[in-house]
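User: I would like to learn how to read the fold and the ligand site of a model step by step. Could you take me through the features one at a time?

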Amino acid sequence: MGKLSNKVAVITGGSAGIGKASAFLFAEEGCAVGIIDINEADGEQVAQEIRISGGKATFIKADVSNADQLEAAIEAFADEFGGIDILYNNAGGATPRDDHLLNMPLDEFDHAIGLNLFGPFAACKFAIPHMDKRGGGSIINTASIRAMIGTSGADGYTSAKGGIVTLTRALAVQCAAKNIRVNAIAPGAVLTERVKKLMAAGNDSGPDQKMAERHLLGMGEPDQVAPVALFFACADSRWVTGQILPVDGGACMN
Ligand SMILES: NC(=O)c1ccc[n+]([C@@H]2O[C@H](COP(=O)([O-])OP(=O)(O)OC[C@H]3O[C@@H](n4cnc5c(N)ncnc54)[C@H](O)[C@@H]3O)[C@@H](O)[C@H]2O)c1
């Protein structure tokens, strides 16, 4: 028996990086995985690889900042798999346009909020009734160490991730009586392809040398975050809710 046998998870941003590593890990643990992403080619490939190795997975192309697309995808997964137990709000990130407040175009703020805060907010609204029907569930949101310490350079993104911290706590309070737990992972610098590109370009919205050096255990890899998402998804964390856990190689405390 896997840690997620007979469970159904929706993972946003599952075509790449941390979401992709988590989709594979959740499937290995017996979970049916519904993957949402705007990157169709890579998302289809992740789902196909999971199916080839004997797991259950379906990809649906949807933009998390578009409520109609998001709702349609979540409803389709609930129909296909018979319900939803786990929502991993992982899609997100800072774009190269995000910057210090005084330097950035104001419309990038709307984009950052749409992707990093509205998307998770709306996904919770659509998924919670399905979890309620199953008698409980687990929501894993994605904050960032930028929401825990003082940094500047991706100020739209950082504002959105701060919202994730407080949304997580508010939903944990609201959903406890439904046996739905709500926690968040606050990753440090994880060397996904996107982050590697930002660093190579010297873009302020990616980690700089000073930030990199804060990571006592070095910068992370996606497969160092996925097991923490699994912990929050499965019954090992059944008495944990409302928590924001830095998964950051010690960066926040340094
Ligand atoms: N990598 C890091 O250093 C780091 C640090 C702190 C927080 N995080 C957070 O962790 C999460 C995953 O980061 P990552 O580095 O693995 O990202 P990534 O860029 O490697 O993967 C993100 C995935 O989300 C998808 N995506 C982007 N916009 C989308 C949209 N509008 N709708 C649906 N899908 C969309 C992308 O296509 C991609 O497949 C994000 O929320 C990010 O903010 C990452």
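Analyst: This is a predicted model, in which local features need pLDDT of at least 70 and side-chain atom pairs count only at pLDDT 80 or more, while totals for chains, interfaces and linings use all residues. Residues are numbered from 1 along each chain as its sequence is written.

User: In which sense do strand 2 and strand 3 pair, and over how many bridges?

Analyst: Two strands pair if DSSP finds at least two bridges between them, and the strands and helices themselves are DSSP runs numbered from the N terminus (helices are H or I with at least four residues, strands are E with at least two). Here strand 2 and strand 3 (residues 56-61) are joined in the parallel sense over six bridges, and Asp-37 stands opposite Lys-61 in strand 3. Between these strands the chain passes through helix 2, and this β-α-β crossover is right-handed, a term meaning that, with the strands pointing away from the viewer, the path from the first strand over the helix to the second runs clockwise.

User: What is the strand order of the sheet, and which strands stand at the edges?

Analyst: The sheet is open and built from seven strands in the order 3-2-1-4-5-6-7, with parallel pairing. Strand 3 and strand 7 (244-247) stand at the edges, and because each has a single partner strand, one side of each is left without a neighbour in the sheet. Neighbouring strands are turned against each other by 20 degrees on average, direction ignored, where axes are lines fitted to C-alpha atoms (for helices over the stretch in contact) and angles run from 0 to 180 degrees between N-to-C directions.

User: Which strands does helix 1 touch?

Analyst: Contact is taken between residues whose C-beta atoms, placed from the backbone, lie within 7 Å. Helix 1 packs on the sheet and touches strand 1 (8-12), strand 2, strand 3, strand 4 (86-88) and strand 6, its direction making about 170 degrees with that of strand 1. Helix 2 lies across strand 2 and strand 3 and runs at about 170 degrees to strand 3.

User: How many residues surround the ligand, and which are the closest?

Analyst: A residue is counted as near a molecule if its C-beta atom, placed from the backbone, lies within 6 Å of it. The ligand is surrounded by 29 residues, of which the closest are Gly-13, Gly-17, Gly-92, Thr-192 and Arg-194. Helix 1 (17-28), strand 2 (32-37) and helix 6 (193-200) are the elements that give two or more residues to this shell.

Methods
Contact = placed C-beta atoms within 7 Å.
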